[in-house]
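Please look over the structure below before reading the numbered points. They start with confidence and then go through the fold, the surface and some local contacts.

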Amino acid sequence: MKPYGNQLNLKKKVSYESKKNSEKISIINIKLIHQIFDTINISLLVLIFTLFFLSFNSQRKWSNTYKNLSKTRAINNNLIDYISKIEEFYISELESLNIYRKTKPEDLIYLDKLPEKKESLFKKNLSSFIEGFSDSKYQRGY
């Protein structure tokens, strides 16, 4: 022991066996750390491949859905064209028949014209004002 100020420095004697043990422990620790990293890497690879196949599967499903939607749209466009052709055909047939009957005065119905009652402006406004009050009784809940 050599005194150095207020502290004492102790020299530690390291034996050959303790050096071997520490080297074995450090090698075991290094192997353990490498094994942990290898496990993590393998887990990440498995996760990446799993997600890749899941996304590939969903992409395939979306492609099938899009293909079906495209087919449906094409069918609908064909139906619209078909319907418009049918309409044109029937309109042309109706116009070509030209067997419309012309009306005669005996066919018409004449209605007698009712005479209009002339009310004063004050009376008309007063009656609409009173109708408004009677209507408001039923509208209070709004």
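1. Confidence in this predicted model is lowest in strand E2 (residues 7-9), with a mean of 52, and highest in H1, with a mean of 84. The score is pLDDT, the predictor's confidence in each residue, from 0 to 100. Over the chain the average pLDDT is 78, and 76% of the residues score at least 70. Where pLDDT is low, the predicted coordinates should not be read in detail.

2. Some ground rules apply to what follows. Residues are numbered from 1 along each chain as its sequence is written, and side-chain values use heavy atoms, leaving out hydrogens and water. Because the model is predicted, local features need pLDDT of at least 70 and side-chain atom pairs count only at pLDDT 80 or more, while totals for chains, interfaces and linings use all residues.

3. The chain has two helices and two strands, in the order β-β-α-α along the sequence. Helices (H or I, at least four residues) and strands (E, at least two) are DSSP runs, numbered from the N terminus.

4. Of the 142 residues, 0% count as buried. Buried means under 20% relative accessible area, exposed over 50%, and partly exposed in between (1.4 Å probe, protein chains only). Accessible areas come from the Shrake-Rupley method with a 1.4 Å probe; for residues, only the protein chains shown count as cover.

5. A nonpolar patch on the surface has about 960 Å² of accessible area together; its members include Leu-32, Ile-36, Phe-37 and Leu-54. Patches are made of residues with over 30% relative accessible area and no salt bridge; like charges are joined within 9 Å, nonpolar side chains (Val, Leu, Ile, Met, Phe, Trp, Tyr) within 5 Å. A salt bridge is a side-chain nitrogen of Lys or Arg within 4 Å of a carboxyl oxygen of Asp or Glu. Ile-36 lies in helix H1 (residues 16-97) and is partly exposed, at 45% relative accessible area.

6. Four aromatic pairs are found in the whole structure. Trp-62 and Tyr-66 make a tilted pair, with ring centres 6.4 Å apart and planes at 40°. Rings of Phe, Tyr and Trp (its six-membered ring) pair if their centres lie within 6.5 Å; planes under 30 degrees apart count as stacked, over 60 as edge-to-face and the rest as tilted. Trp-62 and Tyr-66 are four residues apart in helix H1, so about one helical turn separates them. Phe-89 and Tyr-90 form an edge-to-face pair, 5.6 Å centre to centre with 65° between the planes. Phe-89 is partly exposed at 46% relative accessibility, whereas Tyr-90 is exposed at 52%. Phe-52, Phe-53 and Phe-56 form one aromatic cluster.

7. Ser-127 sits in helix H2 (residues 121-136) and is partly exposed, at 32% relative accessibility. A polar atom of the Ser-127 side chain lies 2.8 Å from the backbone oxygen of Lys-124.

Methods:
A polar contact is a pair of N or O atoms within 3.5 Å; within protein, one must be able to donate a hydrogen and the other to accept it, and residues adjacent in sequence count only if both atoms are side-chain atoms.
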